[in-house]
Amino acid sequence: MKGRSVVTLDDIPLPRIEDLLDRAAYIDSHRREVAHTCDGRVLATLFYEPSTRTRLSFETAMLRLGGQVIGFAGAQLASVSKGESISDTLKTVSNYADIVAMRHPKEGAALVASRAASVPVINAGDGGHMHPTQTLTDLATIRARKGRLTHLTIGMCGDLTFGRTVHSLISTLCRWGHVDFVLISPDELRTPEYVLERIDASPTCTYRETSDLGGAIGDLDILYMTRVQKERFFNEDDYLRLRDTYILDEAKLRSAKSDMAILHPLPRVNEITSDVDKDPRAAYFEQVRNGMLVRMALESALLGDELPGYETKMEVEA
């Protein structure tokens, strides 16, 4: 993977994705050994819209690997406020950094950036389109909780129209196959057709749509909650009407399987009550840790910096 950009996971072979998950697990148990993997490297984080977890996760990942970080958090802090194009920004930053993580509110911005840059670019989220490193985070969490990525019933709940994390995760899981999706949303926030077509294209995946979380929760191995995203709405009245459609609390969890895992890309507003945090099925803060680990794995892999002591199964099998 050395030298390539990651705009989407669609063009990364499944064995490579599994290797990234293996690398992340190795890093978690060998923190001291990998602490100097990226000595002398510089990561640029170009975040054109607000972020806490994703930006800090990318930055912490590089720092824990021994590298350094530059960048900005907010378009108002960058030359885009003066009219500079994404292409010119990336051509400039390529002279400063060895790798770039970029978040942008417009779909396709990461692809434009990857074509302009002379260093690897990682898509940290582009509009409502894709969020590949969150998908890696979700895959790592699901695998850690369930021991597998197939033969699961996975419920996606909330904003399924604008939720790029949902779109990315569904698309990637469909490549493994043998997943039954339960798509839980109000009519106004249903899953886009192109995502449903992706499920239909898989011979072993299925989906059903419902607006009833309570009626579906008992069937689920994984419940992936999402917030209704205020920043994606043009009409605040619509947002206010829909934001409290689903609120997961301990009462609803009484109908769920004892080993169901609850995921959420965060931040949450009020769609998961704080009393759920102590439930052993809550995995969303575990996701936060996994997010840092998979970004450590990805950054080092794209830079071609080998993790001391790590042997990939791909190399062993070859």
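Student: What percentage of the 318 residues of the protein chain count as buried?
Tutor: This is a predicted model, in which local features need pLDDT of at least 70 and side-chain atom pairs count only at pLDDT 80 or more, while totals for chains, interfaces and linings use all residues. Residues are numbered from 1 along each chain as its sequence is written, and side-chain values use heavy atoms, with hydrogens and water left out. Buried means under 20% relative accessible area, exposed over 50%, and partly exposed in between (1.4 Å probe, protein chains only). Of the 318 residues of the protein chain, the buried share is 56%.

Student: How many helices and strands does the protein chain have, and what is its radius of gyration?
Tutor: Helices (H or I, at least four residues) and strands (E, at least two) are DSSP runs, numbered from the N terminus. By that count the protein chain has 12 helices and 9 strands. The radius of gyration is taken over C-alpha atoms, and the globule rule is 2.2 Å times the number of residues to the power 0.38. That rule gives 20 Å for 318 residues, so the chain is as compact as a globular protein of that length, with a radius of gyration of 19 Å.

Student: What share of the contacts with a separation of 6 or more comes from residues 24 or more positions apart?
Tutor: Contact means heavy atoms within 4.5 Å. Among contacts in the protein chain with a separation of 6 or more, the share from residues 24 or more positions apart is 75%.

Student: How many residues of α6 are buried, and which glycine follows the helix?
Tutor: α6 is mostly covered, with 12 of its 13 residues buried. Among them are Thr165, Ser168, Leu169 and Thr172. The residue that follows α6 has a positive phi, near 85°, and is glycine 177.

Student: Which residues does threonine 135 contact beyond its neighbours within four places in sequence?
Tutor: Threonine 135 lies in helix α5. At 1% relative accessibility, threonine 135 counts as buried. With those neighbours left aside, threonine 135 is in contact with Leu9, Thr165, Ser168, Leu169 and Thr172.

Student: Against which elements do the buried residues of α2 pack?
Tutor: Helix α2 (residues 53-64) reaches 16 Å from its first C-alpha to its last. Its buried residues are Thr54, Ser57, Phe58, Glu59, Ala61 and Met62. They pack against β1 (42-47), β2 (68-73), β3 (99-104), β4 (121-126), α5 (132-146) and α11 (284-303).

Student: Is methionine 260 buried or exposed, and which residues does it touch?
Tutor: Methionine 260 is found in the loop between α10 (250-253) and β9 (261-263). With a relative accessible area of 0%, methionine 260 is buried. Not counting residues up to four places away in sequence, methionine 260 touches Ile217, Leu220, Asp221, Ile222, Leu223, Leu253 and Arg281.

Student: How far apart in space are methionine 225 and isoleucine 184?
Tutor: Methionine 225 is found in strand β8 (residues 222-225), and at 0% relative accessibility methionine 225 counts as buried. Methionine 225 and isoleucine 184 are 41 residues apart in sequence, and their C-alpha to C-alpha distance is 9.4 Å.

Technical notes. The expected span of a helix is 1.5 Å times one less than its number of residues.
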